[in-house]
Number of protein chains: 2
Amino acid sequence: MTQITFWYDFASTYSYLAAMRVEDVASKSGVEVNWQPFLLGPIFVAQGWTDSPFNIYEAKGKYMWRDMARLAEDQGLPFKRPEAFPQNSLLACRVACLGRDQGWGADFTRATYAAQFGQGRTIATSEDLAPVLDDLGLNSADVLAQATSPDGKLALRHSTDAAIAAGVFGAPSFTTPDGELFWGSDRLEQAVTWAAAHSG
Amino acid sequence: MTQITFWYDFASTYSYLAAMRVEDVASKSGVEVNWQPFLLGPIFVAQGWTDSPFNIYEAKGKYMWRDMARLAEDQGLPFKRPEAFPQNSLLACRVACLGRDQGWGADFTRATYAAQFGQGRTIATSEDLAPVLDDLGLNSADVLAQATSPDGKLALRHSTDAAIAAGVFGAPSFTTPDGELFWGSDRLEQAVTWAAAHSG
(Lines give C-alpha, C1' and ligand atoms only; values in the text may rest on other atoms or scores of the structure.)
Protein backbone atom coordinates (compact mmCIF):
# COMPACT_ATOMS: atom_id res chain seq x y z
CA MET A 1 0.00 0.00 0.00
CA THR A 2 1.32 3.44 -0.90
CA GLN A 3 2.26 5.61 2.02
CA ILE A 4 2.68 9.25 2.84
CA THR A 5 4.69 10.35 5.84
CA PHE A 6 3.01 13.04 7.92
CA TRP A 7 5.57 15.14 9.83
CA TYR A 8 4.24 17.17 12.74
CA ASP A 9 5.18 18.94 15.96
CA PHE A 10 2.68 19.79 18.69
CA ALA A 11 3.99 23.38 18.64
CA SER A 12 2.56 23.75 15.12
CA THR A 13 -0.96 25.15 14.85
CA TYR A 14 -1.56 24.09 11.26
CA SER A 15 -0.58 20.52 12.14
CA TYR A 16 -3.80 20.38 14.18
CA LEU A 17 -5.82 20.89 10.99
CA ALA A 18 -3.79 18.24 9.18
CA ALA A 19 -3.87 15.67 12.00
CA MET A 20 -7.65 15.78 12.20
CA ARG A 21 -8.17 14.95 8.52
CA VAL A 22 -5.07 13.18 7.23
CA GLU A 23 -6.48 9.65 7.68
CA ASP A 24 -9.76 10.52 5.92
CA VAL A 25 -8.08 12.20 2.97
CA ALA A 26 -5.46 9.47 2.56
CA SER A 27 -7.79 6.49 2.91
CA LYS A 28 -10.09 7.84 0.19
CA SER A 29 -7.15 7.48 -2.21
CA GLY A 30 -6.01 4.14 -0.80
CA VAL A 31 -2.96 5.75 0.79
CA GLU A 32 -1.61 4.82 4.22
CA VAL A 33 -0.36 7.41 6.72
CA ASN A 34 2.98 7.11 8.49
CA TRP A 35 2.70 9.45 11.51
CA GLN A 36 6.06 11.04 12.34
CA PRO A 37 6.38 13.45 15.25
CA PHE A 38 9.54 15.55 15.19
CA LEU A 39 10.88 18.70 16.87
CA LEU A 40 10.70 21.96 14.96
CA GLY A 41 12.82 23.76 17.57
CA PRO A 42 16.27 22.63 16.36
CA ILE A 43 15.26 23.35 12.75
CA PHE A 44 14.09 26.86 13.65
CA VAL A 45 17.24 27.51 15.69
CA ALA A 46 19.32 26.53 12.66
CA GLN A 47 17.37 29.18 10.72
CA GLY A 48 18.22 31.76 13.37
CA TRP A 49 14.83 31.74 15.12
CA THR A 50 14.67 31.30 18.87
CA ASP A 51 10.89 31.72 18.99
CA SER A 52 8.00 30.82 16.71
CA PRO A 53 8.12 32.87 13.49
CA PHE A 54 4.50 33.74 14.31
CA ASN A 55 5.77 35.55 17.40
CA ILE A 56 8.84 37.04 15.69
CA TYR A 57 6.88 38.43 12.72
CA GLU A 58 3.88 40.26 14.12
CA ALA A 59 1.76 40.68 10.97
CA LYS A 60 2.33 37.02 10.10
CA GLY A 61 1.33 35.93 13.59
CA LYS A 62 -1.83 38.04 13.58
CA TYR A 63 -2.72 36.53 10.22
CA MET A 64 -2.05 32.95 11.35
CA TRP A 65 -4.51 33.12 14.25
CA ARG A 66 -7.25 34.54 12.03
CA ASP A 67 -6.46 32.02 9.28
CA MET A 68 -6.56 29.15 11.78
CA ALA A 69 -9.96 30.26 13.09
CA ARG A 70 -11.40 30.42 9.56
CA LEU A 71 -9.93 27.08 8.50
CA ALA A 72 -10.98 25.28 11.68
CA GLU A 73 -14.52 26.52 11.10
CA ASP A 74 -14.42 25.27 7.50
CA GLN A 75 -13.29 21.87 8.81
CA GLY A 76 -15.96 21.85 11.51
CA LEU A 77 -13.32 21.75 14.24
CA PRO A 78 -13.45 23.58 17.56
CA PHE A 79 -10.69 26.16 17.88
CA LYS A 80 -9.47 27.93 20.99
CA ARG A 81 -6.18 29.79 21.16
CA PRO A 82 -4.10 28.66 24.15
CA GLU A 83 -2.93 31.45 26.45
CA ALA A 84 0.75 30.69 25.82
CA PHE A 85 2.14 30.01 22.37
CA PRO A 86 4.10 28.07 21.44
CA GLN A 87 3.96 25.53 24.21
CA ASN A 88 6.95 23.33 24.92
CA SER A 89 6.19 20.27 22.81
CA LEU A 90 9.21 18.16 23.79
CA LEU A 91 7.40 15.75 26.10
CA ALA A 92 4.34 15.36 23.89
CA CYS A 93 6.56 14.64 20.88
CA ARG A 94 8.47 12.01 22.87
CA VAL A 95 5.21 10.40 23.92
CA ALA A 96 3.98 10.46 20.32
CA CYS A 97 7.16 8.67 19.20
CA LEU A 98 6.48 5.94 21.74
CA GLY A 99 2.87 5.78 20.60
CA ARG A 100 3.97 5.46 16.99
CA ASP A 101 6.05 2.41 17.94
CA GLN A 102 3.27 0.93 20.09
CA GLY A 103 0.32 1.55 17.76
CA TRP A 104 -1.50 4.37 19.55
CA GLY A 105 0.41 7.33 18.12
CA ALA A 106 -2.35 8.66 15.88
CA ASP A 107 -4.97 8.50 18.64
CA PHE A 108 -2.69 10.25 21.11
CA THR A 109 -1.79 12.89 18.53
CA ARG A 110 -5.40 13.73 17.71
CA ALA A 111 -6.35 13.83 21.39
CA THR A 112 -3.42 16.12 22.25
CA TYR A 113 -4.14 18.52 19.38
CA ALA A 114 -7.82 18.59 20.34
CA ALA A 115 -6.85 19.45 23.92
CA GLN A 116 -4.38 22.15 22.87
CA PHE A 117 -6.13 23.91 20.00
CA GLY A 118 -9.71 22.68 20.35
CA GLN A 119 -9.95 23.44 24.08
CA GLY A 120 -6.98 25.80 24.59
CA ARG A 121 -5.42 23.54 27.23
CA THR A 122 -1.76 23.31 28.19
CA ILE A 123 0.08 20.21 26.94
CA ALA A 124 3.67 20.81 28.07
CA THR A 125 3.94 18.78 31.27
CA SER A 126 3.36 15.26 32.58
CA GLU A 127 0.39 16.64 34.53
CA ASP A 128 -1.08 17.96 31.27
CA LEU A 129 -0.59 14.74 29.33
CA ALA A 130 -1.50 12.14 31.96
CA PRO A 131 -5.29 12.67 31.61
CA VAL A 132 -5.00 12.51 27.81
CA LEU A 133 -3.21 9.17 28.07
CA ASP A 134 -5.57 7.84 30.72
CA ASP A 135 -8.56 8.72 28.53
CA LEU A 136 -7.04 6.55 25.81
CA GLY A 137 -6.96 3.62 28.25
CA LEU A 138 -3.19 3.76 28.61
CA ASN A 139 -1.17 3.62 31.82
CA SER A 140 0.02 7.22 31.88
CA ALA A 141 2.71 6.75 34.53
CA ASP A 142 4.21 3.88 32.59
CA VAL A 143 4.00 5.68 29.24
CA LEU A 144 5.58 8.87 30.57
CA ALA A 145 8.43 6.89 32.15
CA GLN A 146 9.13 5.07 28.89
CA ALA A 147 8.87 8.24 26.79
CA THR A 148 11.45 10.03 28.94
CA SER A 149 13.86 7.10 29.20
CA PRO A 150 17.14 7.28 27.25
CA ASP A 151 15.55 5.17 24.48
CA GLY A 152 12.48 7.40 24.43
CA LYS A 153 14.61 10.51 24.05
CA LEU A 154 16.69 8.91 21.33
CA ALA A 155 13.60 7.96 19.33
CA LEU A 156 12.56 11.60 18.96
CA ARG A 157 16.11 12.65 18.13
CA HIS A 158 16.20 10.08 15.32
CA SER A 159 12.84 11.27 14.06
CA THR A 160 14.00 14.90 13.98
CA ASP A 161 17.19 13.88 12.15
CA ALA A 162 15.06 12.01 9.62
CA ALA A 163 12.87 15.08 9.13
CA ILE A 164 15.90 17.26 8.45
CA ALA A 165 17.29 14.65 6.05
CA ALA A 166 13.95 14.68 4.19
CA GLY A 167 14.25 18.47 3.72
CA VAL A 168 11.53 19.32 6.24
CA PHE A 169 11.72 22.95 7.40
CA GLY A 170 8.22 23.48 8.81
CA ALA A 171 5.12 21.64 9.95
CA PRO A 172 2.99 20.00 8.92
CA SER A 173 4.91 18.44 6.05
CA PHE A 174 4.23 15.39 3.94
CA THR A 175 6.73 13.24 2.08
CA THR A 176 6.14 10.52 -0.49
CA PRO A 177 8.12 7.33 -1.13
CA ASP A 178 9.61 8.86 -4.30
CA GLY A 179 11.06 11.78 -2.32
CA GLU A 180 8.58 14.61 -2.88
CA LEU A 181 8.05 17.11 -0.06
CA PHE A 182 4.84 19.07 0.54
CA TRP A 183 4.56 21.75 3.22
CA GLY A 184 1.35 22.89 4.90
CA SER A 185 -2.03 21.47 5.81
CA ASP A 186 -3.31 22.96 2.54
CA ARG A 187 -0.96 20.66 0.60
CA LEU A 188 -2.35 17.43 2.07
CA GLU A 189 -4.64 16.64 -0.86
CA GLN A 190 -1.85 17.33 -3.34
CA ALA A 191 0.56 15.06 -1.42
CA VAL A 192 -1.95 12.21 -1.31
CA THR A 193 -2.78 12.60 -5.00
CA TRP A 194 0.92 12.54 -5.82
CA ALA A 195 1.55 9.45 -3.69
CA ALA A 196 -1.39 7.58 -5.25
CA ALA A 197 -0.33 8.50 -8.79
CA HIS A 198 3.35 7.61 -8.32
CA SER A 199 3.06 4.37 -6.36
CA GLY A 200 4.77 1.18 -7.39
CA MET B 1 -20.27 43.98 -7.68
CA THR B 2 -18.26 42.40 -4.88
CA GLN B 3 -14.54 42.85 -5.18
CA ILE B 4 -11.38 41.21 -3.97
CA THR B 5 -8.11 43.08 -3.98
CA PHE B 6 -5.20 41.08 -5.36
CA TRP B 7 -1.87 42.28 -3.92
CA TYR B 8 1.25 41.26 -5.83
CA ASP B 9 4.90 42.08 -6.44
CA PHE B 10 6.82 40.88 -9.48
CA ALA B 11 9.54 39.55 -7.17
CA SER B 12 7.04 36.98 -5.87
CA THR B 13 7.03 33.61 -7.60
CA TYR B 14 3.68 32.44 -6.25
CA SER B 15 2.07 35.66 -7.49
CA TYR B 16 2.66 34.34 -11.02
CA LEU B 17 0.36 31.39 -10.29
CA ALA B 18 -2.27 33.71 -8.81
CA ALA B 19 -2.09 36.33 -11.58
CA MET B 20 -2.73 33.74 -14.28
CA ARG B 21 -5.97 32.46 -12.72
CA VAL B 22 -7.39 35.18 -10.48
CA GLU B 23 -9.79 36.55 -13.12
CA ASP B 24 -11.15 33.08 -13.96
CA VAL B 25 -11.68 32.06 -10.35
CA ALA B 26 -13.25 35.38 -9.35
CA SER B 27 -15.55 35.75 -12.34
CA LYS B 28 -17.04 32.27 -11.75
CA SER B 29 -18.29 33.59 -8.40
CA GLY B 30 -19.34 36.97 -9.76
CA VAL B 31 -16.47 38.70 -7.99
CA GLU B 32 -14.44 41.53 -9.50
CA VAL B 33 -10.64 41.77 -9.17
CA ASN B 34 -8.86 44.92 -8.04
CA TRP B 35 -5.23 44.47 -9.15
CA GLN B 36 -2.83 46.12 -6.70
CA PRO B 37 0.92 46.00 -7.31
CA PHE B 38 3.03 46.84 -4.26
CA LEU B 39 6.64 46.48 -3.13
CA LEU B 40 7.52 43.61 -0.83
CA GLY B 41 11.04 44.98 -0.27
CA PRO B 42 10.18 47.56 2.43
CA ILE B 43 7.96 45.02 4.21
CA PHE B 44 10.71 42.41 4.21
CA VAL B 45 13.28 44.96 5.41
CA ALA B 46 10.97 45.82 8.31
CA GLN B 47 11.02 42.09 9.18
CA GLY B 48 14.82 42.12 9.15
CA TRP B 49 15.26 40.48 5.73
CA THR B 50 17.52 42.11 3.17
CA ASP B 51 17.05 39.30 0.65
CA SER B 52 14.21 36.99 -0.32
CA PRO B 53 13.40 34.56 2.51
CA PHE B 54 13.76 31.86 -0.16
CA ASN B 55 17.43 32.82 -0.45
CA ILE B 56 17.94 33.34 3.29
CA TYR B 57 16.39 29.98 4.29
CA GLU B 58 17.95 27.35 2.05
CA ALA B 59 15.58 24.42 2.67
CA LYS B 60 12.60 26.71 2.17
CA GLY B 61 14.06 28.04 -1.06
CA LYS B 62 14.78 24.59 -2.44
CA TYR B 63 11.23 23.59 -1.59
CA MET B 64 9.71 26.69 -3.20
CA TRP B 65 11.28 26.03 -6.60
CA ARG B 66 10.10 22.43 -6.61
CA ASP B 67 6.65 23.44 -5.35
CA MET B 68 6.39 26.10 -8.06
CA ALA B 69 7.31 23.60 -10.78
CA ARG B 70 4.65 21.14 -9.58
CA LEU B 71 1.95 23.80 -9.21
CA ALA B 72 2.69 25.42 -12.58
CA GLU B 73 2.35 22.00 -14.20
CA ASP B 74 -0.98 21.45 -12.41
CA GLN B 75 -2.16 24.83 -13.75
CA GLY B 76 -0.89 24.06 -17.25
CA LEU B 77 1.52 26.98 -17.10
CA PRO B 78 5.06 27.05 -18.50
CA PHE B 79 7.66 27.49 -15.79
CA LYS B 80 11.30 28.46 -16.15
CA ARG B 81 13.41 29.62 -13.25
CA PRO B 82 15.18 32.90 -14.06
CA GLU B 83 18.95 32.89 -13.58
CA ALA B 84 18.80 35.62 -10.93
CA PHE B 85 16.26 35.66 -8.13
CA PRO B 86 14.73 37.83 -6.96
CA GLN B 87 14.87 40.39 -9.73
CA ASN B 88 14.51 44.05 -8.93
CA SER B 89 10.79 44.60 -9.38
CA LEU B 90 10.69 48.34 -8.70
CA LEU B 91 10.25 49.49 -12.30
CA ALA B 92 7.77 46.77 -13.23
CA CYS B 93 5.68 47.58 -10.15
CA ARG B 94 5.68 51.27 -11.05
CA VAL B 95 4.58 50.43 -14.58
CA ALA B 96 1.85 48.15 -13.22
CA CYS B 97 0.55 51.00 -11.03
CA LEU B 98 0.29 53.21 -14.09
CA GLY B 99 -1.41 50.39 -15.97
CA ARG B 100 -3.88 49.94 -13.14
CA ASP B 101 -4.85 53.61 -13.46
CA GLN B 102 -5.00 53.45 -17.26
CA GLY B 103 -6.85 50.15 -17.65
CA TRP B 104 -4.08 47.85 -18.90
CA GLY B 105 -2.62 46.77 -15.55
CA ALA B 106 -3.87 43.19 -15.59
CA ASP B 107 -2.66 42.57 -19.15
CA PHE B 108 0.78 44.02 -18.39
CA THR B 109 0.99 42.00 -15.18
CA ARG B 110 0.19 38.70 -16.85
CA ALA B 111 2.61 39.41 -19.71
CA THR B 112 5.42 40.35 -17.31
CA TYR B 113 4.91 37.27 -15.13
CA ALA B 114 4.80 35.07 -18.23
CA ALA B 115 8.09 36.60 -19.40
CA GLN B 116 9.76 36.22 -16.01
CA PHE B 117 8.59 32.82 -14.79
CA GLY B 118 7.19 31.27 -17.97
CA GLN B 119 10.25 32.08 -20.09
CA GLY B 120 12.87 32.85 -17.43
CA ARG B 121 13.50 36.35 -18.85
CA THR B 122 14.82 39.38 -16.98
CA ILE B 123 12.25 42.04 -16.14
CA ALA B 124 14.24 44.57 -14.12
CA THR B 125 15.12 47.26 -16.66
CA SER B 126 13.49 49.54 -19.22
CA GLU B 127 15.12 47.42 -21.93
CA ASP B 128 13.44 44.32 -20.45
CA LEU B 129 10.01 45.88 -20.18
CA ALA B 130 9.84 47.87 -23.42
CA PRO B 131 9.13 44.81 -25.63
CA VAL B 132 6.45 43.63 -23.18
CA LEU B 133 4.74 47.03 -23.41
CA ASP B 134 5.13 47.25 -27.17
CA ASP B 135 3.56 43.80 -27.56
CA LEU B 136 0.52 45.13 -25.71
CA GLY B 137 0.21 47.93 -28.27
CA LEU B 138 1.41 50.59 -25.84
CA ASN B 139 3.97 53.30 -26.43
CA SER B 140 6.74 51.91 -24.23
CA ALA B 141 8.87 55.07 -24.16
CA ASP B 142 5.90 57.13 -23.07
CA VAL B 143 4.75 54.57 -20.48
CA LEU B 144 8.22 54.22 -18.95
CA ALA B 145 8.59 58.00 -18.71
CA GLN B 146 5.24 58.35 -16.95
CA ALA B 147 5.90 55.40 -14.62
CA THR B 148 9.18 56.90 -13.44
CA SER B 149 7.88 60.45 -13.08
CA PRO B 150 7.39 61.83 -9.55
CA ASP B 151 3.68 60.97 -9.79
CA GLY B 152 4.48 57.47 -11.00
CA LYS B 153 6.84 56.87 -8.10
CA LEU B 154 4.32 58.24 -5.63
CA ALA B 155 1.59 55.92 -6.92
CA LEU B 156 3.60 52.82 -6.00
CA ARG B 157 4.54 54.27 -2.63
CA HIS B 158 0.86 54.83 -1.86
CA SER B 159 0.03 51.30 -2.96
CA THR B 160 2.72 49.83 -0.69
CA ASP B 161 1.48 51.93 2.22
CA ALA B 162 -2.04 50.65 1.57
CA ALA B 163 -0.76 47.06 1.54
CA ILE B 164 0.93 47.53 4.91
CA ALA B 165 -2.22 49.16 6.31
CA ALA B 166 -4.21 46.13 5.13
CA GLY B 167 -1.87 43.82 7.09
CA VAL B 168 -0.15 42.42 4.00
CA PHE B 169 3.18 40.76 4.85
CA GLY B 170 3.75 38.58 1.77
CA ALA B 171 2.58 38.04 -1.78
CA PRO B 172 0.26 37.18 -3.27
CA SER B 173 -2.36 38.35 -0.80
CA PHE B 174 -6.08 38.92 -1.19
CA THR B 175 -8.28 41.24 0.84
CA THR B 176 -12.05 41.51 0.93
CA PRO B 177 -14.26 44.59 1.46
CA ASP B 178 -15.06 43.43 5.03
CA GLY B 179 -11.36 43.39 5.95
CA GLU B 180 -10.36 39.73 5.67
CA LEU B 181 -6.82 38.93 4.57
CA PHE B 182 -5.78 35.76 2.73
CA TRP B 183 -2.15 34.97 1.94
CA GLY B 184 -0.91 32.71 -0.85
CA SER B 185 -2.02 31.62 -4.28
CA ASP B 186 -3.52 28.55 -2.60
CA ARG B 187 -5.93 30.82 -0.70
CA LEU B 188 -7.43 32.43 -3.81
CA GLU B 189 -10.52 30.21 -3.93
CA GLN B 190 -11.15 30.74 -0.21
CA ALA B 191 -10.85 34.53 -0.59
CA VAL B 192 -13.27 34.61 -3.51
CA THR B 193 -15.76 32.36 -1.70
CA TRP B 194 -15.54 34.63 1.34
CA ALA B 195 -16.05 37.80 -0.71
CA ALA B 196 -19.05 36.31 -2.52
CA ALA B 197 -20.65 35.09 0.73
CA HIS B 198 -20.11 38.33 2.65
CA SER B 199 -21.02 40.89 -0.02
CA GLY B 200 -23.55 43.62 0.56
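This is a short talk on a helix in chain A, then a strand and a helix pair in chain B.

Quick housekeeping: residues count from 1 along each chain as its sequence is written, and chains are lettered from A in the order in which they are written. It's a predicted model, so local features need pLDDT of at least 70, side-chain atom pairs count only at pLDDT 80 or more, and totals for chains, interfaces and linings use all residues.

Okay, chain A. Helices here are DSSP runs of H or I, at least four residues, and strands are runs of E, at least two, numbered from the N terminus. In H9(A), residues 140-147, the buried ones are Val143(A), Leu144(A) and Ala147(A). Looking down the axis, those fall within an arc of 95 degrees, so they line one face of the helix; the arc is taken over directions from the helix axis to the C-beta atoms. Turned away from that side are Ala141(A), Asp142(A) and Ala145(A), which are exposed. Buried means 20 or more other C-beta atoms within 10 Å of a residue's own, exposed means 12 or fewer, partly exposed is in between, and C-beta atoms are placed from the backbone.

Over to chain B. Strand S1(B), residues 3-8, has five of its six residues buried, so it's largely enclosed by the rest of the structure. Six bridges join it to S2(B), residues 32-37, running parallel, and strands pair if DSSP finds at least two bridges. S3(B), residues 173-175, pairs with S1(B) in the antiparallel sense over three bridges. Thr5(B) stands opposite Asn34(B) in S2(B) and opposite Thr175(B) in S3(B).
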